[in-house]
Amino acid sequence: MTAEKRTFQAEVSKLLKIVANSLYSEREVFLRELISNASDACDKLRYLALTQPELTTGDGDFKIRIAADKDAKTLTLSDNGIGMTADELNDNLGTIARSGTEAFVSNLSGDEKKDSGLIGQFGVGFYSAFMIADKVEVLTRRAGESKAHLWSSDGLGEYTVADAEKANRGTIITMHLKDDALEFLEEQRLQHIVKRYSDHIPVPILFVETKDGEVEERPLNEASALWTRSKSDITTEQYGEFYKHVAHAFDEPWLTMHWKAEGVIEYSSLLYVPTQRPFDLFHPERKSRVKLYVKRVFITDDCEGLVPDYLRFLRGVIDCEDLPLNVSRELLQRNPVLQKISSAVTKRVLTELSKKAEKDPEAYAIFWDAYGPVMKEGLYSENGEHKDTLISLARFDTTESDTLVSLADYKKRMKEGQEAIYYIIGESKEALLNSPHIEGFKAKGVEVLLLSDPIDDFWIQAMFEGYEGSPLKSITRGSADLDAVKGDDDKTDEDKKDEEKASADIAPLLASIKLALGEEVKDVRESTRLTDSPVCLIADDGDMDINLERLLRQHKQIDKSNPRILEVNTKHAVIKALAKRVKDGKTGQELDDAAHLLLDQARIMEGEAIPDPKAFARRLAISMERGLTG
Ligand SMILES: Nc1ncnc2c1ncn2[C@@H]1O[C@H](COP(=O)(O)OP(=O)(O)OP(=O)(O)O)[C@@H](O)[C@H]1O
Ligand SMILES: [Mg+2]
């Protein structure tokens with residue numbers, strides 16, 4: 001077959017341009033990327049060979065070989081891993097893989113100079129070979145296949161794939177070095193890079209030199225699985241480099257947890273909490289990417305139930321001695337040993353997080369900021385042994401604190417006479433802090449949790465037993481019960497008398513407003529939670545809370561909304577003036593307009609759309625005119 005010419009996917013061309021202009025200092029990472037690919041290819045075949053041993057018959061030892069040809073100015077990196085078919089060559093080396101590189105491309109600013117600086121930080125996978133080579137060839141043969149294929153490109157926009165010959169399975173990448181990249185033909189330079197970035201790769205990386213017909217192979221790395229080594233033998237850098245490899249990540253880990261569990265079930269774990277959220281954290285699949293190994297053989301990084309969904313940000317390895325090797329992934333996932341490991345690992349990780357939260361609340365706040373929304377899914381889904389620890393790990397913004405607060409902290413500073421833990425749910429902390437509903441609570445110094453993650457409406461429902469005997473109560477539904485709370489602004493008997501009088505005065509107005517608004521509201525009543533705003537809307541006890549209904553309407557899960565209760569602030573000047581008018585018998589259109597304007601105002605404060613903007617505008621204009629012309 002003649003070489004078939006193909007064009008790179010658009011993103012790849014964009015990427016290659018940046019790669020070609022990459023910063024000099026960044027270039028050495030190409031070797032890390034190619035070695036990481038070769039190691040993954042060996043891992044994949046080692047697993048396949050468990051059920052298809054014929055794939056590795058006669059060549060069961062996986063190796064990565066590096067050879068430099070100073071005459072030809074070529075650097076070759078080869079592996080005896082799984083290899084690729086022609087289709088896989090096109091899919092994998094012509095488009096952007098869903099991986100770290102995708103994260104890189106999605107972070108591009110378009111300013112090539114600035115973007116090229118990202119390479120070292122992000123890594124661009126296979127394409128990083130074009131940082132040091134002006135031509136790259138990939139000769140590959142899929143394990144179990146006889147046909148081989150040659151992929152070739154100068155990285156300028158096109159590539160070719162042709163049939164080829166290759167004695168055995170695996171992949172050979174030949175890089176024709178740029179004139180200013182000949183340093184990468186030096187063994188020492190290569191050794192330095194392997195030690196720096198790839199020492200943890202569990203496959204031997206060998207520098208191959210042919211001298212006088214003699215082939216000599218010299219190891220460049222430790223080649224033992226890092227997690228099997230004792231903690232005291234591993235440096236922070238080595239932990240960091242392994243994190244970058246296993247997580248396809250480029251930041252430093254926020255937390256590194258390495259332990260061996262002996263006893264009934266034996267397994268070792270090296271798990272990381274990334275500092276930066278993994279880019280697929282909120283992908284609908286919600287997959288965890290922890291790699292499951294059995295006796296140092298990579299099995300899968302897609303093992304459902306290995307870690308609970310609410311810990312899916314974890315990256316790393318769990319290597320178990322007691323799981324059968326030659327069973328399908330599906331069977332493995334149902335293996336009771338795996339469930340035991342999952343629960344033990346979850347317990348350990350939550351304990352480590354609790355320690356960190358205790359010891360370093362500021363650092364924990366960074367963690368919670370990144371992963372709080374995911375951890376809170378656990379408050380909804382977890383009904384078992386980890387629930388209480390998860391609750392104790394939860395942190396919240398509140399009206400009374402600049403730093404994050406735990407429920408235990410909240411409980412400690414509840415006011416005398418305060419029964420419930422109060423919360424409000426909405427779009428953002430800022431919007432919630434501007435919500436009229438919190439006014440009365442702030443005035444009394446009663447703390448309110450500010451919840452602004454989509455999951456909040458759900459886990460709150462699952463906490464029907466409350467926290468340590470205190471129910472969780474929304475301040476946008478039902479009554480406020482603030483009178484019973486001994487707060488900062490306690491009323492004198494005088495105040496109370498004034499209030500009783502005000503209540504009497506306001507009753508006719510409330511009735512008139514109710515009449516004017518009809519079915520648009522469920523009720524109109526005096527408010528104890530407003531101090532500044534004239535009105536607000538409340539969901540009735542038993543009705544769906546305001547934010548949840550908004551969320552479900554936004555996602556078209558429901559179409560109509562329940563009528564709300566309009567709460568009125570008796571102390572507000574507008575309300576007092578209206579009450580006086582009603583008392584003076586001045587009802588009719590003016591009061592009707594005022595009632596509708598108050599309702600629309602409450603809707604605006606809710607961030608709700610006004611059902612009839614034209615009517616609103618007309619009423620507002622008339623009221624302003626009345627106000628201006630007295
Ligand atoms: N030596 C190899 N043997 C077999 N397949 C390979 C080899 N090198 C690359 N591939 C295939 O090409 C794909 C793209 O590699 P690339 O390095 O660009 O992305 P990635 O490894 O998937 O992720 P990352 O961007 O994090 O490196 C790989 O997913 C793999 O399927
Ligand atoms: Mg890669």
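Lys291 is buried, since its relative accessible area of 7% falls under the 20% limit for that class. The model that shows this is predicted. Lys291 belongs to strand β12, and β12 is part of an open, mixed sheet of five strands.

**Lys291 and its surroundings**

- Leaving aside residues up to four places away in sequence, Lys291 is in contact with Asp40, Val246, Phe298, Thr300, Asp301, Gly316, Val317 and Ile318.
- Among these contacts, Phe298 and Thr300 fall within edge strand β13, which spans 297-300.
- Gly316, Val317 and Ile318, also in contact with Lys291, fall within β14, which spans 315-320.
- Asp40, another contact of Lys291, falls within helix α2, residues 29-51.
- Between Lys291 and Met375 the C-alpha to C-alpha distance is 20 Å, and the two residues are 84 apart in sequence.

**The five-stranded sheet**

- The strands follow one another in the order β10-β11-β14-β12-β13, and their pairing is mixed.
- At the edges lie β10 (253-261) and β13 (297-300), each of which pairs on one side only.
- From one strand to the next, the twist averages 20°.
- Eight bridges join β10 to β11 (residues 267-274), and the two strands pair in the antiparallel sense.
- Within this arrangement, Thr256 stands opposite Tyr272 of β11.

**Helices packed on the sheet**

- Helix α2 (residues 29-51) lies across β12 (291-294) and β13, and its direction is at about 85° to β13.
- Helix α10 (residues 336-359) packs on the sheet and touches β10, β11, β12 and β14.
- The direction of α10 makes about 135° with that of β10.

**The α20–α21 pair**

- Helix α20 covers residues 589-606 and helix α21 residues 613-629; their axes come within 10 Å and cross at roughly 120°.
- The two helices are therefore oblique to each other.
- The crossing of α20 past α21 is left-handed.
- On the α20 side, the contact is made by Glu590, Asp592, Asp593, His596, Leu597, Asp600 and Ile604.
- On the α21 side, Phe616, Arg619, Leu620, Ile622, Ser623 and Arg626 take part.
- By class, the residues of this contact comprise six charged, five nonpolar and two polar.

Definitions and conventions. Residues numbered from 1 in each chain as written. Chains lettered and ligands numbered in written order. Predicted model: local features only at pLDDT ≥ 70, side-chain atom pairs only at ≥ 80, totals over all residues. Heavy atoms only, no water. Pairing = 2+ DSSP bridges. Helix = DSSP H or I, 4+ residues; strand = E, 2+ residues; numbered from the N terminus. Axes fitted to C-alpha atoms, helices over the stretch in contact; angles between N-to-C directions. Contact = heavy atoms within 4.5 Å. Buried < 20%, exposed > 50% of the residue type's maximum accessible area, 1.4 Å probe, protein only. Parallel < 35°, antiparallel > 145°, perpendicular 65-115°, else oblique. Left-handed = near helix turned anticlockwise from the far one by under 90°. Nonpolar A, V, L, I, M, F, W, Y, C, P; charged D, E, K, R; others polar.
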